[in-house]
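Dear colleague,

I am passing on a structure for you to look through, with some notes on its pockets and on one helix. Please open it first and read the notes beside it.

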Amino acid sequence: MNVPDALAADEIPQRLAASYATSFGEVGRAWIAQLPSLAADMLERWQLRRDGAAWSGQASLVLPVLRHDGTGAVLKLQLPREETAAALIGLRTWNGEGMVRLLDHDPASSSMLLERLDGARTLTSVDDDDVAMGILAGLHARLVAVPAPQGLRGLGDVAAEMLEQAPQAVTRLTDPADRHLLRGWASAVAELADDPGDRLLHWDLHYDNILAAQREPWLAIDPEPLVGDPGFDLWPALDSRWDDVVVGKGDPLRVVRRRFDLLTEVLGLDRARAAGWTLGRLLQNALWDIEDGEVRLAPSAVAVAEALRDR
């Protein structure tokens with residue numbers, strides 16, 4: 001396909017533009033408007049040629065490109081913010097170990113040049129859930145084996161914020177059973193908060209954030225690095241393909257328990273502690289949902305909590 005190097009305004013996905021307008025207001029709209037200029041600057045600076053159509057993630061525009069030596073890569077353009085700075089620290093620290101490799105970056109704009117993976121084939125394409133979860137667990141173990149660097153947010157601060165917000169959030173839930181659950185999740189965090197851990201966490205490792213690759217069969221992408229206990233990092237995997245696999249198999253509790261047992265075995269985690277931090281992750285998600293106006297806990301969160309009750 002003959003793809004022009006210039007990025008046209010009408011190539012920017014509408015969902016990305018809408019997301020930026022909703023999340024960042026005028027700043028987001030201004031950033032979207034200058035995307036063609038930013039893309040042109042980065043293509044010229046790094047001597048890149050476009051090699052495919054633009055596409056977007058949740059918070060970035062991605063351009064497949066060819067480097068000056070003909071090797072494939074991707075140019076990732078995103079608004080500078082705390083999350084993108086943290087991702088850069090994580091990518092540098094992992095240095096391609098189980099993770100997409102960072103080839104270059106521009107600190108001023110948060111633009112990144114990354115190793116090209118197979119964006120069309122995520123771990124969701126593996127039909128056997130035990131095989132897929134085993135692949136994820138193996139990558140996960142490699143990622144959390146890396147000591148966390150300086151400059152990243154820690155789980156201790158996250159836990160303190162959650163415990164401060166929980167009492168008010170409880171009052172906004174309409175169902176007494178939900179209120180009881182949320183208090184229980186906060187109690188689990190309170191018991192663990194004094195020892196939040198010191199490992200480098202991905203924070204969003206699920207099936208769609210693992211892509212097929214050439215350097216290795218599978219590599220992780222899109223980290224949101226956090227320093228903490230690996231148990232806090234399990235929920236995205238437990239929640240992967242929830243509707244078609246977890247619920248679709250007709251026994252959600254069994255599927256969650258099987259996944260949890262596999263993950264904790266491969267990662268070498270204490271199951272009681274990992275279960276407690278997973279409840280902490282459910283608490284974090286619930287606090288975000290309540291802030292957005294929800295008055296009931298998500299059914300999937302309630303199911304995960306029930307599955308881990310005896311773990």
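How do the residues of the lining of the second largest pocket divide into nonpolar, polar and charged? They divide into four nonpolar, three polar and five charged, where Ala, Val, Leu, Ile, Met, Phe, Trp, Tyr, Cys and Pro count as nonpolar, Asp, Glu, Lys and Arg as charged, and the others, Gly among them, as polar.

Please keep in mind that this is a predicted model, in which local features need pLDDT of at least 70 and side-chain atom pairs count only at pLDDT 80 or more, while totals for chains, interfaces and linings use all residues. Residues are numbered from 1 along each chain as its sequence is written, and side-chain values use heavy atoms, with hydrogens and water left out.

A pocket here is an open set of points on a 1 Å grid over the protein atoms alone, where a 1.4 Å probe fits, with protein on both sides within 12 Å along at least five of seven lines, and lining residues have an atom within 4 Å of a point. The second largest pocket has a volume of about 270 Å³, and its lining includes Thr 71, Arg 101, Glu 115 and Arg 215.

The largest pocket has a volume of about 1,900 Å³, and of the 50 residues that line it, the closest to its centre are Gln 58, Ala 59, Arg 81, Asp 204 and Glu 224. The largest share of this lining, eight residues, comes from H3, a helix (a DSSP run of H or I, at least four residues). By class, the lining of the largest pocket has 23 nonpolar, 12 polar and 15 charged residues.

In helix H11, Ser 300 and Val 304 are among the buried residues, buried meaning under 20% relative accessible area with a 1.4 Å probe and protein chains only.

Best wishes

Technical notes. Grid points are joined across faces, edges and corners, and a volume is the space filled by probe spheres set on the points. Helices (H or I, at least four residues) and strands (E, at least two) are DSSP runs, numbered from the N terminus. Buried means under 20% relative accessible area, exposed over 50%, partly exposed in between (1.4 Å probe, protein chains only).
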